[in-house]
Amino acid sequence: MTDASIQPGLTRGADGSTIRTRRKALDLRRRTVFDELMALTDRPTAFLARQLGKPSGAVGRIVGRILNRRNEDVVLAAVDAAGAGADSTVVDIGFGGGVGLRALLAVSDHVHGVEVSTTMIDAARTAFADSIEYGRLTLHEAPMDALPFDDAAVDAIVSTNTIYFIDDLDAAFRETARVLRTGGRFAVGIGDPERMAAMAVTSHGFRLRQPDGVADSLRDAGFTSVDHRTLGTGQHGWHLVVGIR
Ligand SMILES: C[S@@+](CC[C@H](N)C(=O)[O-])C[C@H]1O[C@@H](n2cnc3c(N)ncnc32)[C@H](O)[C@@H]1O
């Protein structure tokens, strides 16, 4: 039976259960407030994580420029490892701010950029208008696991800081193996997983993989020779895993 002298939600027993119930309610309220505060402070980090995974809008363009500066070392190392020449057909998958496209255009006349972000594609369309007009650069809106190229049509692929956002890496790597000619190279650049795990942003859905696991996935996808090298240390630590088809 309900006791009208007790506030709603509280019960009274001979052993003082009213107080216990009130404490429980307070605890619950405190926890809810704490969770809400945590969610508030976490919101910008979650937003940044989404932007890194698929830059969009005005913020996405700024993110693209930051990525260019921050990731230049590993991007240039990947382009170098891809070993492209002037006649090579080369692809940057997940080109972001476009620093890799610029580096590839310096060595090849047949460059393709593949992206899932329309903002990054639009930014590249403006930044590389001349190369597009001269037919040296073609941009495609597509994911790594559904590439818009015929079998064995490509000589080299680079992809840096992209695989954090890909769940089924084996399927994506099989697709890169499909489009690469025999002897073609695929250079995959990633941040050091331990360094990245310490960054709050990566707790929002990033897939952090060990370089050895990435190398295994390349072998499983059909890459015959796979090489792993490290670049830099600490905050500047990167891994480059290069597969030869
Ligand atoms: C962190 S940024 C890296 C950009 C650039 N490669 C670099 O290293 O600075 C990741 C980029 O990969 C793109 N991306 C994410 N998932 C992708 C996928 N499945 N296929 C192709 N691009 C993807 C995103 O839109 C974003 O521009």
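Two strands are taken to pair if DSSP finds at least two bridges between them. The model is a predicted one.

**The sheet**

Seven strands form an open sheet with mixed pairing, in the order S3-S2-S1-S4-S5-S7-S6. Strand S3 (137-141) and strand S6 (225-231) are at the edges, and each has a single partner strand, so one side of each has no neighbour in the sheet. On average, neighbouring strands of this sheet are turned by 15° against each other, direction ignored.

Strand S1 (residues 89-93) and strand S4 (residues 154-160) run parallel and are joined by three bridges. Aspartate 92 has valine 158 in S4 as its bridge partner.

**Helices on the sheet**

Helix H6 touches S4 and strand S5 (180-191) as it packs on the sheet. Helix H4 lies across strand S2 (110-115) and S3.

| Helix | Strand | Angle |
|---|---|---|
| H4 (residues 118-127) | S3 | about 165° |
| H6 (residues 169-179) | S5 | about 145° |

**Around the ligand**

Which residues come nearest to the ligand? They are Asn71, Gly94, Gly96, Ser117 and Thr160, out of the 25 residues around the ligand. At least two residues of this shell come from each of helix H1 (17-53), helix H2 (57-82) and S2. H2 gives the most, with three residues. Sorted by class, the shell has 13 nonpolar residues, 10 polar ones and two charged ones.

Technical notes. Residues numbered from 1 in each chain as written. Predicted model: local features only at pLDDT ≥ 70, side-chain atom pairs only at ≥ 80, totals over all residues. Helix = DSSP H or I, 4+ residues; strand = E, 2+ residues; numbered from the N terminus. Axes fitted to C-alpha atoms, helices over the stretch in contact; angles between N-to-C directions. Contact = placed C-beta atoms within 7 Å. Near = placed C-beta within 6 Å. Nonpolar A, V, L, I, M, F, W, Y, C, P; charged D, E, K, R; others polar.
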